[in-house]
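The structure is shown first.

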Amino acid sequence: MIEVKNLVRTFNSGDRTIKPVNDVSFELEQGTLASIVGKSGSGKSTLLSLLGALDKPTSGDVAVNGVSLASMPDAKLTQYRRRDIGFVFQQFNLIPNLSAVDNVMLPMEFAGMRKAARLQRAKELLEQVQLVPEKHDRRINRLSGGEQQRVAIARALANEPKLILADEPTGNLDEQTGDHIIELLSALCRDHNTTILVVTHDRALANKTDRRFRLQQGRLTEEPVRNRATAAAAPV
Amino acid sequence: MSVLARSVGNAFRNKVRTAAVVAVLAVAIGLALAMLVANQAVGAKVQELNASVGTVLTVNPAGGQGFEGGGEPLTSEQAATATAVPNVSAVVGISSLRLRNAAEAAAQAAGGQTGPGGGQGVSGGQAAATLTTSLTAAVDAGTLGNRNQAANGTTGTTATQPVRSLPITATGIGAEVDTTGKALAITEGNGLGDYNAESTNALLGTTLAEKNGLAVGSTFTINDQTYTVAGLFDAGTTFGNNAVYVTLPTAQTLAGLPGELSSMIVTVDSLEHVEAAKAALQEALGTDKADVTQGQNLETAVSSLDSVKNISYIAFIAALGTAGLIILLIMVMLVRERRREIGVLKAIGAPNRTIGLQFVLEALVLAALGSAAGAVIAAFASSGIASALISTNTTTTAAATTGRGMPGGTGFPGGGPGGPFGGASQLLTSVTASASPDVIVAGIAAVFGVATIGALVPALLTARIRPIEVLRGE
């Protein structure tokens with residue numbers, strides 16, 4: 001379970017103080033598929049970075065299964081990111097001189113998994129995200145944007161994290177592959193009790209989530225989710 | 001993919017830049033290795049010189065003027081006096097002779113020419129006895145030798161002179177050492193055996209033996225007495241190998257001067273006692289009877305070599321530091337360039353030590369490539385660099401010492417290298433800067449040590465990069 005309490009993140013810009021995250025509080029049960037929508041610059045990515053322990057809040061706290069991130073030392077936060085979090089970044093953030101399979105193997109290497117086991121799992125994950133086997137050993141910079149996105153999703157799933165934070169996970173995918181990714185994320189929630197929080201502009205994806213939040217001027221509000229059968233046609 | 005494999009891959013990420021960095025590193029590391037090789041070679045030479053002749057004093061008759069002779073000869077009694085001086089561990093008497101080819105001497109006598117000729121410096125304290133031999137000198141007189149012979153041996157004529165050979169140096173010794181006190185390098189056969197007047201054994205220089213077609217066991221004559229070649233020695237120079245060694249009593253008998261010595265080689269028990277022993281020896285023998293010298297040429301040469309050693313050591317440290325600085329700067333640049341990538345690695349759970357290790361290993365890969373290329377550069381350049389260092393540092397020394405005989409007149413310079421010590425230049429040119437595996441391994445180990453230190457700073461910088469860097473630009 002994730003509990004977010006009075007989370008605030010401020011930045012100083014000259015004489016001004018910007019609050020991209022302003023007193024945000026919510027709770028997510030384990031196994032929930034949730035989405036955050038909002039305009040560009042509304043603070044969605046900042047919120048994700050706070051939830052993923054990439055950044056530290058100005059005030060407030062995030063607690064995962066009752067353990068506060070605010071009180072964790074850096075080494076523990078690194079361990080938390082390695083074991084409990086899977087990131088899918090908007091710009092993929094893959095290592096360009098490594099192959100697709102090597103990129104997926106990285107989090108498993110940091111977690112201490114044996115080479116043979118991580119190679120096998122990396123290939124399985126790449127097949128799950130529908131990257132054809134002949135591209136598994138291809139360097140990242142020789143893959144298309146959609147293919148890179150799929151590798152990024154496979155990497156996020158590598159250590160079977162409890163929480164996946166995804167920034168526009170279907171943004172660079174065609175409709176068919178996007179649907180497949182949505183199905184994959186839904187299956188993860190259902191079968192592995194994984195909590196998934198996605199930032200998206202994709203109406204179809206937002207309306208297929210269990211809970212939907214809107215971030216506006218740093219403040220988070222929850223919106224009702226329509227019936228999933230008709231959600232795809234509704235505006236976000 | 002392991003950290004090491006990733007580091008190797010990263011080292012070749014930008015091939016052009018890697019090639020440029022390796023080239024610069026190779027020059028710095030090559031220079032460092034070349035300096036280390038030069039340092040080791042010069043150090044070994046200094047050690048060798050100090051060990052062989054650093055504790056040796058030479059005693060010559062006072063008043064000897066090299067070419068002109070002069071002074072009173074040393075005696076066996078004086079040798080006994082020298083032996084009794086504190087800290088003196090050995091005294092070797094030397095009797096110098098000159099041998100002329102019997103047939104040539106007869107022809108010159110028939111032609112009315114006189115004098116020893118040969119352009120050689122004679123013993124200072126006593127004119128070296130000139131004897132005839134069946135041997136032919138292995139060194140041609142050359143222009144200088146013939147000019148000097150004409151000047152010394154012929155008067156009142158401008159007639160064309162017959163070609164002459166240089167005399168052969170014959171030395172009577174009390175132990176198997178050369179005139180510098182250095183052990184003879186016998187390449188074939190044995191030593192002289194018993195040191196008595198009846199001994200007919202002789203040691204021949206390799207070139208002299210070759211010139212006369214002699215081998216161990218062959219015979220030759222001096223003043224019509226037959227001598228057997230007991231062994232061959234290599235003095236290291238053509239002039240030095242145009243020589244014969246016999247026992248001291250034999251030489252004294254041949255010269256008809258029993259009990260007289262041309263010079264003495266006195267060995268002191270340690271380097272620390274040399275100065276005191278020199279003073280005591282001079283006092284015991286009397287300043288009007290003997291000159292005690294330590295071989296100034298050698299001291300100057302060793303001093304020059306020490307300077308070269310110090311310069312090469314400083315240059316080694318400087319080149320090594322440069323290599324470390326190059327690695328430091330390139331790695332700092334790479335860390336700055338890959339901030340976002342480091343952020344990504346941290347975001348997906350890479351510990352600081354893993355990222356730091358990755359950068360250290362990448363630096364070591366660059367250092368390894370630079371070392372390989374640098375070792376090749378050092379292999380080709382070390383000899384030239386050592387020679388350049390030595391010649392630059394010793395030009396004055398060499399100019400001042402080359403061609404001089406020993407003080408007191410035991411030298412046999414002639415057209416050759418100029419006396420027993422042969423001048424600093426001869427000593428210096430015999431320094432061989434060979435890149436031994438041990439030195440190269442030690443140098444490369446030092447390079448890796450410096451590379452590791454140089455890479456640690458940027459590796460520690462990676463620890464300060466926060467994972468939020470991953471979101472920069474998003």
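The sections below cover the basis of the values, the contact between chains, and selected parts of each chain.

## Basis

This is a predicted model, in which local features need pLDDT of at least 70 and side-chain atom pairs count only at pLDDT 80 or more, while totals for chains, interfaces and linings use all residues. Residues are numbered from 1 along each chain as its sequence is written, chains are lettered from A and ligands numbered from 1 in the order in which they are written, and side-chain values use heavy atoms, with hydrogens and water left out.

The size of an interface is often given as the accessible area lost when the parts come together. Chain A and chain B bury about 2,200 Å² between them, 57% of it on carbon and sulfur atoms; buried area is the accessible area (1.4 Å probe) that two parts lose on being put together, summed over both. To the contact (heavy atoms within 4.5 Å), chain A gives 28 residues and chain B gives 25 residues.

One salt bridge is counted between chain A and chain B, the term meaning a side-chain nitrogen of Lys or Arg within 4 Å of a carboxyl oxygen of Asp or Glu. Glu109(A) and Arg6(B) form a salt bridge, with their closest N and O atoms 2.7 Å apart. Eight residue pairs, both residues at pLDDT 80 or more, are in polar contact between chain A and chain B. A polar contact is a pair of N or O atoms within 3.5 Å; within protein, one must be able to donate a hydrogen and the other to accept it, and residues adjacent in sequence count only if both atoms are side-chain atoms.

On the side of chain A that touches chain B, two or more residues each come from helix H1 (44-51), helix H2 (74-84), helix H3 (100-110) and helix H4 (115-128) of chain A. Helices (H or I, at least four residues) and strands (E, at least two) are DSSP runs, numbered from the N terminus. H3(A) supplies the largest share of this side, six residues.

## Sheet in chain A

Four strands of chain A form an open sheet in the order S2-S1-S4-S5, with antiparallel pairing. Strand S2 (16-28) and strand S5 (67-68) of chain A are at the edges with a single partner strand each, so one side of each has no neighbour in the sheet. Two strands pair if DSSP finds at least two bridges between them. Strand S1 (residues 2-13) of chain A runs antiparallel to S2(A), joined by eight bridges; Arg9(A) has Val21(A) as its bridge partner in S2(A).

## Thr32(A)

Thr32(A) lies in the loop between S2 and strand S3 (33-37) of chain A. Its relative accessibility is 9%, so Thr32(A) counts as buried; buried means under 20% relative accessible area, exposed over 50%, partly exposed in between (1.4 Å probe, protein chains only). The side chain of Thr32(A) reaches the backbone oxygen of Glu29(A) at 2.6 Å. Beyond its neighbours within four places in sequence, Thr32(A) has contacts that include Cys189(A), Asp210(A) and Arg211(A).

## Chain B and its strand S3

Chain B has 13 helices and 13 strands. Of its 474 residues, 50% are buried.

In strand S3 (residues 88-101) of chain B, eleven of the 14 residues are buried, so this strand is largely enclosed by the rest of the structure. Six bridges join S3(B) to the antiparallel strand S12 (residues 263-268) of chain B, where Ala90(B) has Thr267(B) as its bridge partner. Six bridges also join S3(B) to strand S5 (residues 168-173) of chain B, again antiparallel; in S5(B), Thr169(B) is the bridge partner of Arg98(B).
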